[in-house]
Amino acid sequence: MSERRLRVGLVVEPGGIDYPYSHGAYLGLERAVRELGIRGRVLTPAPKEGYVPSLSLLARQKYDLVIGTLFAAPAIDRVATGFPETRFAIIDAAHDDLAHRPNNVLGLAFSAEQAGYLAGHLAALVLTLSPGEEVISSVGGLRVPAVEKFIAGYRAGARGANPRVTMLNSYTDSFLDPVKGRSVALSQIAKGSRVVFQVASACGLGALEAAKERGIWGIGVDVDQSHLGRHILTSAVKRLDVAVFDTIEALARGTLETGRTYRFSLRNRGVGLGTISAAVPRSLKAEIVAGKIPIASSVT
């Protein structure tokens, strides 16, 4: 008789799996279904119902692992406490961030500041390719640590490449409204920004659209957004697909340990840069691609 197949449930943001942030996690689950033969299920809660019903449903159905993303952290903390036999993983949160620190939860944290640093470094370098002001900017969604780390790294990386560079940063207070992202980016471009880094998920797509309209560089986030057009300089990528796949692989091997945090960084390919524009000279790309840039680890 064949062994029972492992079942893994993924609860994504209300925007669903097309939402750039959730899409990476979905790709990791899809790969695990394909390569490890597990059974996967994705639940997208309605915005008003929150995450608790979806997480509880999977736990009641005795899924072997239930994964949630950043905003589900308080719900996972609550549900995991009520279902101590079920194992959970939370993307973009450390185990210590959870109020009850349940022993059956694994935190999957990212050194997003490292990807931000490389993106900022490249942004400052490309300013030298054409005349204009030495100004770059970032458009954040909500002021949450996952966003702040990208932006802190971006600023430090740009200063590392050019101490004279001016940084503009604004928040849209939304991850969903592209119109807000566009208007914030347009005001930054009016103030001289020649590279706009979006850290606002779907809302940030509007910021990248503004960059395209005004003929300046845009930098994507979370997933490789180079498909959006030739105006994309690069993307600061957080490999949610790697985090989800590696976690499920550990489950399948029987080596998954909960009650702790696993960190994804440049070292284990958990963060990095997406495709770098072909318009960037090889000499500028070389040091970034070679991984020779020292990144200040104190960026928070």
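Arg-269 is exposed, with a relative accessible area of 59%; exposed stands for over 50% relative accessible area, buried for under 20%, and partly exposed for the range in between (1.4 Å probe, protein chains only). Arg-269 lies in the loop between E11 and E12, where helices (H or I, at least four residues) and strands (E, at least two) are DSSP runs, numbered from the N terminus. The phi of Arg-269 is near 60°, a positive value in a residue other than glycine. Most residues other than glycine have a negative phi. The model is predicted, and local features need pLDDT of at least 70, side-chain atom pairs count only at pLDDT 80 or more, and totals for chains, interfaces and linings use all residues. Residues are numbered from 1 along each chain as its sequence is written, and side-chain values use heavy atoms, with hydrogens and water left out.

A positive phi, of about 75°, is also found at Asp-92, which is not a glycine. Asp-92 belongs to the loop between E4 and strand E5 (105-110). In contrast to the exposed Arg-269, Asp-92 counts as buried at 13% relative accessibility.

The strands are described next. Strands of a sheet pair through backbone hydrogen bonds, either parallel or antiparallel. Two strands are taken as paired if DSSP finds at least two bridges between them. Ile-67 has Ala-89 in E4 as its bridge partner.

An open sheet with mixed pairing is made of 6 strands in the order E7-E6-E8-E9-E10-E12. Strand E7 (166-171) and strand E12 (271-273) stand at its edges with a single partner strand each, so one side of each has no neighbour in the sheet. The twist here averages 15° from one strand to the next. Strand E6 (residues 135-140) pairs with E7 in the parallel sense over 6 bridges, and Val-139 stands opposite Ser-170 in E7. Helix H4 (residues 112-126) packs on this sheet and touches E6, strand E8 (195-199), strand E9 (217-222), strand E10 (232-238) and E12, contact being heavy atoms within 4.5 Å. The direction of H4 makes about 170° with that of E10. Helix H7 (residues 201-213) also packs on the sheet, touching E6, E8, E9 and E10, and its direction makes about 170° with that of E8.

Ser-137 is located in strand E6 and is buried, with a relative accessible area of 0%. Not counting residues up to four places away in sequence, Ser-137 touches Tyr-154, Leu-168, Gln-188, Ser-193, Val-195, Val-196 and Phe-197. Ser-22, in helix H1 (residues 20-36), is buried with a relative accessible area of 0%. With residues up to four places away in sequence again not counted, Ser-22 touches Val-12, Glu-13, Gly-16 and Ile-17.

A search of the whole structure finds 1 cavity of 30 Å³ or more. On a 1 Å grid over the protein atoms alone, a cavity is a set of points where a 1.4 Å probe fits but cannot get out, and lining residues have an atom within 4 Å of a point. Grid points are joined across faces, edges and corners, and a volume is the space filled by probe spheres set on the points. The largest cavity holds about 150 Å³ of space. Its lining has 17 residues, of which Tyr-21, Ala-146, Val-147, Phe-175 and Asp-222 lie nearest the centre. Helix H5 (145-161) and E9 are the elements that give two or more residues to this lining, and H5 supplies the largest share, 3 residues. The lining divides into 12 nonpolar, 1 polar and 4 charged residues; Ala, Val, Leu, Ile, Met, Phe, Trp, Tyr, Cys and Pro count as nonpolar, Asp, Glu, Lys and Arg as charged, and the others, Gly among them, as polar.

Phe-175 is placed in the loop between E7 and helix H6 (178-190) and is buried, with a relative accessible area of 11%. Beyond its neighbours within four places in sequence, Phe-175 is in contact with residues including Tyr-19, Phe-71, Val-147 and Cys-203.

Definitions and conventions:
Axes are lines fitted to C-alpha atoms, for helices over the stretch in contact, and angles run from 0 to 180 degrees between N-to-C directions. On a 1 Å grid over the protein atoms alone, a cavity is a set of points where a 1.4 Å probe fits but cannot get out, and a pocket is an open set with protein on both sides within 12 Å along at least five of seven lines; lining residues have an atom within 4 Å of a point.
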